[in-house]
Amino acid sequence: MTAMARRVVVGCFDPRIMEEMYNRAREGVPAGKVTFILPPGGSININARWPDLEMAICDLGADELWSFAHEDCLGCKKTYGEDRKDYHLKHLRGLETKVRKTFVTITQIRLFYMSRISDEEWVVEEVNSTVLLTA
Ligand SMILES: [Zn+2]
């Protein structure tokens, strides 16, 4: 048997997305193997939490990175004055690029965007690099 993957998840601290994000982010991995890093805006503000990400990968041994962005995001509004999907996609892509360059131990990166139906209901779509590059 191969060793169980360990995952680090970068997402936003918005409580409205928490249940849906947690459920999705723990897919295929026990709760005890997932580290959550949740700055406002997620990947938009990951630089402020970079030491935590580094610790999750280098010290806790996470080999998978998943990142979630979402619609109607306060972190994006605070940073850019408005919430726009293309800002989120740009930062998701930037995080992927930086992590790939910095941490050779990462074997999987998956990126997600959550669209708001209501504060309780979100649609999670996986976005890949090809989509991000043309966004
Ligand atoms: Zn947010």
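Q: What counts as a helix or a strand in this predicted model?
A: In this predicted model, helices are DSSP runs of H or I with at least four residues, and strands are DSSP runs of E with at least two. By that criterion the protein chain has five helices and five strands, and read along the sequence they follow the pattern β-α-β-α-β-α-α-β-β-α.

Q: Why is the protein chain called as compact as a globular protein of its length?
A: The globule rule is 2.2 Å times the number of residues to the power 0.38. For 135 residues the rule gives 14 Å, and the radius of gyration of the protein chain is 14 Å, close to that value, so the chain is as compact as a globular protein of that length. Its C-alpha atoms fill a box of roughly 45 × 30 × 25 Å along the principal axes.

Q: Why are β2 and β5 called edge strands?
A: The five strands form an open sheet of mixed pairing, in the order β2-β1-β3-β4-β5. β2 and β5 each have a single partner strand, so one side of each is left without a neighbour in the sheet. From one strand to the next, the twist averages 25°.

Q: What lies across the sheet strands β1, β3, β4 and β5?
A: Helix α4 lies across these strands, and it runs at about 165° to β4.

Q: What makes a set of residues a nonpolar core, and which members touch the most others here?
A: The members must be buried residues of the listed nonpolar types, joined through C-beta atoms within 7 Å. The largest such core has 30 residues, of which V8, V9, V10, I37, L53 and F68 touch the most other members. Elements that give two or more residues to this core include β1 (7–10), α2 (50–58) and α4 (85–102).

Q: How do you know which residues V9 is in contact with?
A: A contact requires C-beta atoms within 7 Å. Leaving aside neighbours within four places in sequence, V9 meets this with A25, V34, T35, F36, I37, W66 and F68.

How values were computed
Residues are numbered from 1 along each chain as its sequence is written. This is a predicted model: local features need pLDDT of at least 70, side-chain atom pairs count only at pLDDT 80 or more; totals for chains, interfaces and linings use all residues. A residue is buried if 20 or more other C-beta atoms lie within 10 Å of its own, exposed if 12 or fewer, and partly exposed in between; C-beta atoms are placed from the backbone. Two residues are in contact if their C-beta atoms, placed from the backbone, lie within 7 Å. Two strands pair if DSSP finds at least two bridges between them. Axes are lines fitted to C-alpha atoms, for helices over the stretch in contact, and angles run from 0 to 180 degrees between N-to-C directions.
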